[in-house]
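User: I'm new to this one. Can you walk me through some of the ring contacts and a helix packing?

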Amino acid sequence: MSTEPVHIPPSGKSIQQYIDEVPVWPDGTELKGTPMTAMQWRIWSLAVAGKFFEGLVIFMTGIALPLIVQDFSLQAAEKGVVTAVALFGILIGATMLGGLSDVFGRKRMFIVEMVLFVAFLIGLTLSPNYIWMVVCLFGIGLALGCDYPTAHLVISEAVPSKGRGGLVLGAFAFQAVGAIVGAGLGIVILDVYPEVDAWRWMYAAAIIPAILVIVGRFFITDSPHWLASKGRVEEAEKETRRLLKREPQYPKEVRLNKEHAHGHQKVSPAVLFNTHNRRATFLASIPWFLQDLGTYGIGIFTPIILATTLGSSKDVHSVADLAQNVMLSAKGTALLDVLLILGVLAAIFMVEGTGRIKLQIIGFIGCAVGLGLAAISLNLPAGDKTILLFAGFMLFNFMTNLGPNAQTYLLAGEVFPTSIRGYGAGFAASFAKIGAVMTAFLFPILLHNIGTQILLIILVGTSILGAIVTWIFRVETRGSLEKIEKARIQPQV
């Protein structure tokens with residue numbers, strides 16, 4: 001038996017065993033953990049961009065909406081379409097395009113989605129009319145929908161098991177960063193250019209950064225896990241070597257166990273609901289749907305809720321008045337969005353120790369409490385109303401990113417087998433976006449017809465239901481993806 005520091009049994013290892021292996025250098029130095037390679041950090045950084053652009057574009061719509069309404073003279077139903085159509089695009093794209101990552105590979109779809117995003121973003125900024133704008137927003141949603149499963153998978157299938165939860169959630173945190181940057185861009189652009197068509201410049205600001213991301217994505221490895229699931233073992237070994245390239249090199253040789261190249265399942269809706277995968281599908285889909293009812297409804301319409309509940313600084317008699325009111329609500333939104341980042345940072349530090357399921361349940365309960373405080377605030381005098389309303393929304397934003405907004409995304413990309421992981425995660429994201437589309441389209445109508453308080457009470461109920469459903473279908477997904485895939489799915493505490 002060789003005494004060299006590189007231990008490769010004749011039968012080879014699995015991909016995750018190579019990724020998780022702690023290097024032992026020739027001089028005997030052993031590290032305490034598995035360091036990330038330059039390629040692993042590159043993959044993570046480029047995946048971050050997709051979540052950033054989602055937060056930027058989707059949540060900035062709430063700030064841009066009053067300007068768009070003025071620019072195209074929209075009615076209530078048309079306003080609902082503007083806020084819902086990108087989410088409807090995500091609904092379609094997550095399954096239709098995200099599932100293609102199981103067929104054509106993670107890297108290829110990782111590039112395609114960003115090309116589509118840039119093409120439709122350019123079209124949006126040049127929209128000559130309402131119909132064209134809706135088509136482009138839908139196209140942007142298609143691209144972002146593809147990113148939901150694909151960005152998660154390129155990270156989770158490339159990084160060490162122990163740090164996977166924090167790395168995936170770290171990338172996910174940039175959705176909140178994008179939301180804050182979107183609010184900041186709205187404030188700056190309106191300050192410099194207080195005109196009705198300022199919304200075009202808000203969206204245009206993302207074009208050049210997105211083009212740079214396209215270029216970067218050409219220079220990453222494809223997923224060795226996906227290649228092995230297709231029986232392409234030699235390619236998987238080559239990509240594993242590229243993924244783990246470091247100085248000094250470790251491991252010096254990659255020889256995969258061919259047993260890990262089997263287990264392919266036919267991709268179809270039926271496979272998600274068979275005996276083996278049904279529990280995973282319910283866990284990944286239903287709580288995410290319930291979570292999106294609140295997160296997208298509150299996230300997109302926070303500027304409008306604040307303006308309606310607290311009152312505008314002045315009546316709108318001119319474009320300048322409109323821009324000023326939009327700026328005031330944008331500043332309040334930006335303040336609340338900071339809690340989204342704090343929430344996901346807390347999730348990053350707690351996810352491996354506390355676990356996905358416990359954080360999701362705790363987060364759902366916290367969201368219910370926050371929305372309940374906001375609903376109660378509407379019965380109070382002006383000063384107390386403002387304090388309690390902001391406190392409720394701040395608690396909601398923190399708890400949603402500590403729990404369901406982060407954990408549903410994480411669970412969906414971990415609980416399915418490799419051969420259907422993209423399709424399963426895409427299906428979950430699509431099902432969730434049914435809730436997002438419903439709230440985005442119906443919120444303007446419901447705010448007008450039943451009022452803010454009743455709407456908030458309804459969302460309290462959906463948050464409590466989310467905690468219950470998570471507990472019923474619970475599956476903890478910490479640890480190696482390969483071990484999760486082999487294990488029979490059973491309820492875990």
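**Aromatic pairs and a helix contact**

Analyst: A search of the whole structure, which is a predicted model, finds 16 aromatic pairs.

User: Take Phe 172 and Tyr 409. Why is that pair stacked?

Analyst: The ring centres of Phe 172 and Tyr 409 are 5.1 Å apart and the planes are at 25 degrees, so the pair counts as stacked. The cut-off for stacked is planes under 30 degrees apart.

User: Where in the chain are Phe 172 and Tyr 409?

Analyst: In distant parts of the chain: Phe 172 is in helix 7 (residues 161-192) and Tyr 409 is in helix 17, 237 residues apart.

User: Buried or exposed, Phe 172 and Tyr 409?

Analyst: Phe 172 is buried, at 2% relative accessible area. Tyr 409 is also buried, with 3% relative accessibility.

User: What about Phe 427 and Phe 431, what kind of aromatic pair do they form?

Analyst: Phe 427 and Phe 431 form a stacked pair, 6.4 Å from centre to centre with 20 degrees between the planes. Both are in helix 18 (residues 418-449); because Phe 427 and Phe 431 are four residues apart there, about one helical turn separates them.

User: And how accessible are Phe 427 and Phe 431?

Analyst: Phe 427 is partly exposed, at 21% relative accessibility. Phe 431 is partly exposed too, with a relative accessible area of 29%.

User: New topic. Which charged end sits over the ring of Trp 471?

Analyst: That of Arg 474, at 3.7 Å from the ring centre of Trp 471. Lys 51, in turn, lies over the face of Tyr 148, 3.8 Å from the centre of that ring.

User: Back to helix 17. At what angle do helix 15 and helix 17 pack?

Analyst: Helix 15 (residues 356-377) and helix 17 (residues 404-412) pack at about 150 degrees, and their axes are 8 Å apart. The crossing of helix 15 past helix 17 is left-handed.

User: Which residues make the contact?

Analyst: On helix 15, the contact is made by Arg 356, Ile 357, Leu 359, Gln 360, Gly 363, Phe 364 and Cys 367. Helix 17 contributes Pro 404, Gln 407, Thr 408, Leu 410 and Leu 411.

User: How many of the residues in the contact of helix 15 with helix 17 are nonpolar, polar and charged?

Analyst: Seven are nonpolar, four are polar and one is charged.

Technical notes
Residues numbered from 1 in each chain as written. Predicted model: local features only at pLDDT ≥ 70, side-chain atom pairs only at ≥ 80, totals over all residues. Heavy atoms only, no water. Axes fitted to C-alpha atoms, helices over the stretch in contact; angles between N-to-C directions. Helix = DSSP H or I, 4+ residues; strand = E, 2+ residues; numbered from the N terminus. Left-handed = near helix turned anticlockwise from the far one by under 90°. Contact = heavy atoms within 4.5 Å. Nonpolar A, V, L, I, M, F, W, Y, C, P; charged D, E, K, R; others polar. Phe/Tyr/Trp six-rings, centres within 6.5 Å; stacked < 30°, edge-to-face > 60°. Buried < 20%, exposed > 50% of the residue type's maximum accessible area, 1.4 Å probe, protein only. Lys NZ or Arg CZ within 6 Å of the ring centre and 35° of its normal.
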